[in-house]
Amino acid sequence: MRFARPLGLLLSAAAVVLWAFGVTVLQPLTEPIGPWSERLPGNNAYWARDLRFIAIMAVALGLVLAGRGRLRWSRPAVLLGGCWVAADVAIDRVDPIGGPATLLLAVGGCAVLGALAAALWWSERGTSAAAGRGAPSAGGRGTPGAAERKALTGAACVAGVLALVAAGIESPTDREPELHPGALATAALLVVLTVAAALAAAPVRSRARVGLAAGLAGAALLGVGLVRAVAPGTRLLPEMVLGAVLLTGVTVLAWDWPDGRPSWRHHALAALAALVGPMAFLLVTAILMLVVLPIGATFTALAGNSPIHAADSDLLISLCGLLAGCGMALLLAWPTAEKRR
């Protein structure tokens, strides 16, 4: 698992850059012109906000990967994500625009990320030195322990569902040419995070698993491109297929292989869950947010943006993706056969 730490930090830093680009370049494209009611935005108008929030979630997931699933890294990663969302809302009120603002936010975000990673690494090193040479699961260089494997598999599930959300996000304001690059880059980053976390959760990193990881990453990246190539409004079926391939691949990579080969009966059940589960969870969470807790409108007001037209809905798709990913983690983050039984 030596690849996990540098790759996780690299992917987190790339997510920071995507976030900065979304704040200063993509967000201004979604701002309506004029305060008049007939110009109020409609459904999915603030797609740039969702892409930014997904990028922030990718920062946290990258830290979980860098920490190899250890709780010492996962808790600060979640806390950082929450604080980063609050900072994003405050920055959105200022409306920064242009290249210098992008550079400033990217450098500042990477500095915060680097400082937290350095503090966690130093704390981990000090604990290891005080305790002596501990078990591999504690030191992070050998086979991951059961708790770490479950955390990494869960992170892979969350990243996989967020990749679907990013790949299928749409714009009602004829901004698809600007939306495509951001959606493609964000979804591709999450695909790599998904595969890397699943491979890190494997009990052993064999040549067969590495080959499967490379094939899965290539197929999923191709699937992301195909989803974006389909016309808006008709992406449901390709998204479901992409989710089935990506999340089933997570189980093949992360779960135990009894007798040296995958338990295809278990993976067949996982494939069924991966086909229908993400969209079912997304639908349920979307309905709950629209009916019970209209949190999207709250974020819009806090950021000082124009409210969504009364005839439409202000849905925070990124949060739906996060909750749906957690739901899929509850179903699929059982890497050991004993726990699945």
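## Arginine 5 and its surroundings

Leaving aside neighbours within four places in sequence, arginine 5 is in contact (heavy atoms within 4.5 Å) with Leu65, Ala66, Gly67, Arg68, Trp73, Trp121 and Glu124. Arginine 5 lies in helix α1, residues 4-30, where helices are DSSP runs of H or I with at least four residues, numbered from the N terminus. With a relative accessible area of 12%, arginine 5 is buried, a term that means under 20% relative accessible area with a 1.4 Å probe and protein chains only.

## Model and confidence

This is a predicted model, in which local features need pLDDT of at least 70 and side-chain atom pairs count only at pLDDT 80 or more, while totals for chains, interfaces and linings use all residues. Residues are numbered from 1 along each chain as its sequence is written, and side-chain values use heavy atoms, with hydrogens and water left out.

The pLDDT, the predictor's confidence in each residue from 0 to 100, averages 88 for the protein, and 88% of the residues score at least 70. Over residues 133-140 the pLDDT is below 50, and this stretch has 11 contacts in the model beyond near neighbours in sequence.

## Lining of the largest pocket

Helix α6 (146-168) gives the most to the lining of the largest pocket, with 7 residues. At least two residues each are also supplied by α2 (47-66), α3 (71-94), α11 (295-302) and α12 (317-332).

Notes: Buried means under 20% relative accessible area, exposed over 50%, partly exposed in between (1.4 Å probe, protein chains only).
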